[in-house]
Amino acid sequence: MVAGKTAVVTGASRGIGLEICRVLAAHGARIVALDASAEHAQLARAALAESGVEDVLAIAADVASSEQVRAAFTQIEQAAGGVDILVNNAGVREIRSALELEPEEWDRTIAINLSGPFYCAREAAKNMRRHGIEGAIVNIASVAALIGVRNRPAYCASKHGLIGLTKNLAAELSAHGIRVNAVAPGVIRTPLTERYFDDEGFLAGIQHAVPLHSRGTSTDIANAVLFLCSPQSHFVTGVTLPVDGGFTAEKSYTSAASRAFLGSSSSSD
């Protein structure tokens, strides 16, 4: 599906980013693993090597820095030529109320989650245009881009902004044959969320809140990314695809236990 394509994946050293690298590589892509430090970039290369993926270009860059992103894409072009795919996966999140969130934490979250994808998309699109490539850019958003999630003001704001950026870039870059889409993961078990899954109350809550009554995996997200990067989605741009087990499809004031009763009741109103 993406055989022979060069794919740049940010935040590649673990979790969803690493699985995206694995899935794209399994379908023939050459991986450029970009992470915030040389140590993390090399961790991505080592993890991919353990999975049998050998031809990996590992590059360090803090996506919050436009200068570092520009230098990284210069290095990519020198080593690999044209970029066919960019997956903006790097991200951070805070868990703090709006009244307690420090300005520095707000600034850092916005810089990585929103400015970073813009800087990377801009450099990738310039590369694609120079090489005459009709490429694909996929931004990893969140269900927090579609609803409000308490105690995550900067995260929610950055991910909502990322959806707006996705639509803007889809419109602007269509003239160059470049498609831009987003994936909005629901609850996915990764190193970042691992501690949630030790909470029995949290697991029970998933059963009530997610219509498919399950929790997603990094592979679920990677498969959605693969589709949006592949020729199978050649007429798809500017969309946000939730991969959340139906979490954002239905929100009710009632619990799953009482919904059946209320759904079977009639009303005279």
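**View 1. Ile137 stands opposite Val180 in β6.** The two strands here are β5 (residues 136–140) and β6 (residues 179–185), paired in the parallel sense over 5 bridges. Pairing is called when DSSP finds at least two bridges between two strands. Helices (H or I, at least four residues) and strands (E, at least two) are DSSP runs, numbered from the N terminus. The model is predicted, so local features need pLDDT of at least 70 and side-chain atom pairs pLDDT 80 or more, while totals for chains, interfaces and linings use all residues. Residues are numbered from 1 along each chain as its sequence is written, and side-chain values use heavy atoms, with hydrogens and water left out.

**View 2. The whole sheet is an open one of 7 strands.** Reading across, the order is β3-β2-β1-β4-β5-β6-β7, and the pairing is parallel. β3 (56–60) and β7 (240–243) sit at the edges with a single partner strand each, so one side of each has no neighbour in the sheet. From one strand to the next, the twist averages 20 degrees.

**View 3. Helices α2 and α4 lie against the sheet.** α2 lies across β2 (30–35) and β3, running at about 160 degrees to β3. Helix α4 (residues 103–130) packs on the sheet and touches β1 (6–10), β4 (85–88) and β5; the direction of α4 makes about 180 degrees with that of β4. Contact means heavy atoms within 4.5 Å. Axes are lines fitted to C-alpha atoms, for helices over the stretch in contact, and angles run from 0 to 180 degrees between N-to-C directions.

**View 4. α4 runs alongside helix α5 (residues 153–173), with axes that come within 8 Å.** They cross at roughly 15 degrees, and α4 and α5 are therefore roughly parallel to each other. (Angles under 35 degrees count as roughly parallel, over 145 as roughly antiparallel, 65 to 115 as roughly perpendicular and the rest as oblique.) The crossing of α4 past α5 is right-handed, meaning that the near helix is turned clockwise from the far one by less than a right angle. Among the residues in the contact are Trp106, Ile110, Leu114 and Phe118 of α4, plus Tyr155, Leu162, Leu165 and Leu169 of α5. By class, the contact of α4 with α5 has 15 nonpolar, 4 polar and 1 charged residues. For that tally, Ala, Val, Leu, Ile, Met, Phe, Trp, Tyr, Cys and Pro are nonpolar, Asp, Glu, Lys and Arg are charged, and the others, Gly among them, are polar.

**View 5. Helix α1 (residues 15–26) crosses α2 (residues 38–50) at roughly 45 degrees.** Their axes come within 10 Å, and the angle makes α1 oblique to α2. This crossing of α1 and α2 is right-handed. On the α1 side you'll find Leu18, Cys21 and Arg22, meeting Ala44, Ala47 and Leu48 in α2. The contact of α1 with α2 splits into 5 nonpolar, no polar and 1 charged.

**View 6. α1 also packs with helix α7 (residues 218–229), the axes coming within 8 Å.** Here the crossing is at roughly 50 degrees, which makes α1 oblique to α7. α1 passes α7 in a right-handed crossing. Contact residues include Ile16, Glu19, Ile20 and Val23 of α1, and Ile221, Ala222, Asn223 and Val225 of α7. Sorted by class, the contact of α1 with α7 has 8 nonpolar, 4 polar and 1 charged.
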